[in-house]
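Work through the following exercises with the model at hand, and try each task before reading its solution.

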Amino acid sequence: MYYANPPAEPPVPSPGGGAGAPPGWVPPGQGLAPVLVAFGPSAPQSRGTVAIRILLAIPHLIVLYAIGIAAEVVLVIGWFAALFTGRLPDFAAEFLAGYLRWQTRVYGYVTLLTDAYPPFALSDAPYPIRVATLPGRLNRLAVLFRLILVVPASIVIAALSFGAFSVTLFVTWLIVLISGRMPDTLHQALAAALRYYTRTGGYIMMLTSAYPGGLFGDRPAGPAYDPAAFPPMPNLTPPPDPWTLTLSSAARKLVGLFLVLGAVLYLGLIGGTVALVAGVGNTVSRQIALDDLGDAVGPVNTAEESASTATQGCGQNLACVTSIDAGLAGVYRTFASQVASIPMPDAADSATAATIASDASNLAGVYAKLGQATTASQYLSIVNSSDVQGHVSALSTDFGTLRTALGGS
């Protein structure tokens with residue numbers, strides 16, 4: 001069996017971490033004490049509760065949310081205390097361990113590792129999923145940089161969350177719903193993922209100095225004697241350790257698949273988010289450019305309308321007409337400068353804006369020449385040679401092209 005039934009009581013290490021202690025479990029001050037998690041074996045489950053598992057877990061999730069807020073406060077207090085004293089205060093260790101224990105039981109229930117409904121309790125209880133912690137001395141420097149040190153484990157957790165507890169979890173739900181039981185290989189792999197999640201939480205909460213590990217299971221403990229010198233005997237075979245999680249080869253491969261699938265999904269999510277943000281930013285920048293373009297062309301339209309009305313009132317007065325043309329020259333110069341300074345979303349829009357600025361500058365040059373005419377014949381000569389209407393038409397076409405590209409109508 002890859003793991004035994006959970007023990008009736010959490011482990012109590014003997015002095016010096018001797019035979020009475022689980023492997024790797026040592027008293028405070030003598031080494032690293034990892035967070036231990038024990039799971040019961042895969043067992044038949046009620047299809048009715050599997051179908052509505054997430055609904056059944058809602059009361060626990062609500063309570064855990066409230067307790068989680070309190071846990072954050074206690075964790076901050078405990079962090080300052082551990083930074084100065086080198087250990088987590090007893091009240092903080094007890095509360096945080098209880099929160100981690102409750103959280104693990106609920107997550108195990110939601111992920112279909114057990115059909116037993118979790119107890120509403122911070123304390124240890126006879127349940128198919130058990131958590132044991134033994135807080136001890138802490139390295140103050142490691143406490144100070146805890147959030148930085150946990151980054152690698154957090155990356156693994158992110159991959160596991162996407163690989164084991166998202167798409168895969170839906171497939172798991174279908175399998176258990178149809179068959180009424182989770183396959184042993186899948187049960188082992190999900191148990192390993194949840195244990196790693198719990199150990200990472202315990203490390204963040206400073207319930208242990210041991211860095212999260214054991215994602216691919218524990219190595220089976222070998223015999224305490226030389227098998228070549230002594231034949232195997234029942235009384236020399238060490239009893240199974242209920243806190244050891246030994247994965248089959250297929251389960252280890254499945255955990256690896258969780259990581260690969262999770263990494264692909266996680267990177268895909270990041271890429272999609274970046275693309276979405278870029279798309280939204282591009283949309284915003286287009287709207288801003290369109291608004292700026294409208295602000296720039298407004299005075300031009302007003303000046304053209306006023307010039308048309310004023311020119312009709314000039315009659316045969318050439319000085320009046322040239323004065324109006326000189327004013328239009330200034331308006332188009334300003335317009336050309338404003339369009340050239342508007343940030344555009346992409347290179348194509350920038351090129352069109354540059355063309356518009358050039359069109360407006362050319363038109364400003366024509367109006368400037370008309371404004372300097374001193375005789376009617378000179379004025380008509382400039383009109384015929386400079387193709388005023390052609391410049392106006394080019395400007396209008398290019399302006400419409402840019403406005404359409406920016407999303408205008």
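**Exercise 1: a disulfide and its surroundings**

At 27% relative accessibility, C320 counts as partly exposed, where buried means under 20% relative accessible area, exposed over 50% and partly exposed in between, with a 1.4 Å probe and protein chains only. This is a predicted model, in which local features need pLDDT of at least 70 and side-chain atom pairs count only at pLDDT 80 or more, while totals for chains, interfaces and linings use all residues. Residues are numbered from 1 along each chain as its sequence is written, and side-chain values use heavy atoms, with hydrogens and water left out.

Task: determine which residue a disulfide joins to C320, and describe the link.

Solution. A disulfide, defined as a pair of cysteine sulfur atoms within 2.5 Å, joins C320 to C314 with an S to S distance of 1.8 Å. The structure holds one disulfide. The angle about the S-S bond is -50°, and the link of C314 and C320 is left-handed. As for accessibility, C314 is buried at a relative accessible area of 8%, whereas C320 is partly exposed.

**Exercise 2: two aromatic pairs**

Task: classify the ring pair of F170 and W173, and then that of F335 and F399.

Solution. Rings of Phe, Tyr and Trp (its six-membered ring) pair if their centres lie within 6.5 Å, and planes under 30 degrees apart count as stacked, over 60 as edge-to-face and the rest as tilted. By this rule the count comes to nine aromatic pairs. One of them, F170 with W173, is stacked, at 6.0 Å centre to centre and 25° between the planes. Both residues belong to helix α7 (residues 167–179), and because they are three residues apart they are separated by about one helical turn; helices here are DSSP runs (H or I, at least four residues), numbered from the N terminus. The pair of F335 and F399 is tilted, with 6.4 Å between centres and 45° between planes. Since F335 lies in helix α10 (residues 318–341) and F399 in helix α13 (residues 388–405), this pair ties together parts that are 64 residues apart in sequence. Both F335 and F399 are buried.

**Exercise 3: the two sides of a helix**

Task: which residues of α12 are buried, and which exposed residues does the face turned away from them carry?

Solution. In helix α12 (residues 376–386), the buried residues include Y379, I382 and S386. They cover an arc of only 65° around the axis, taken from the directions from the helix axis to the C-beta atoms, which puts them on the same side of α12. The face turned away from the buried side carries the exposed residues S377, L380, N384 and S385.
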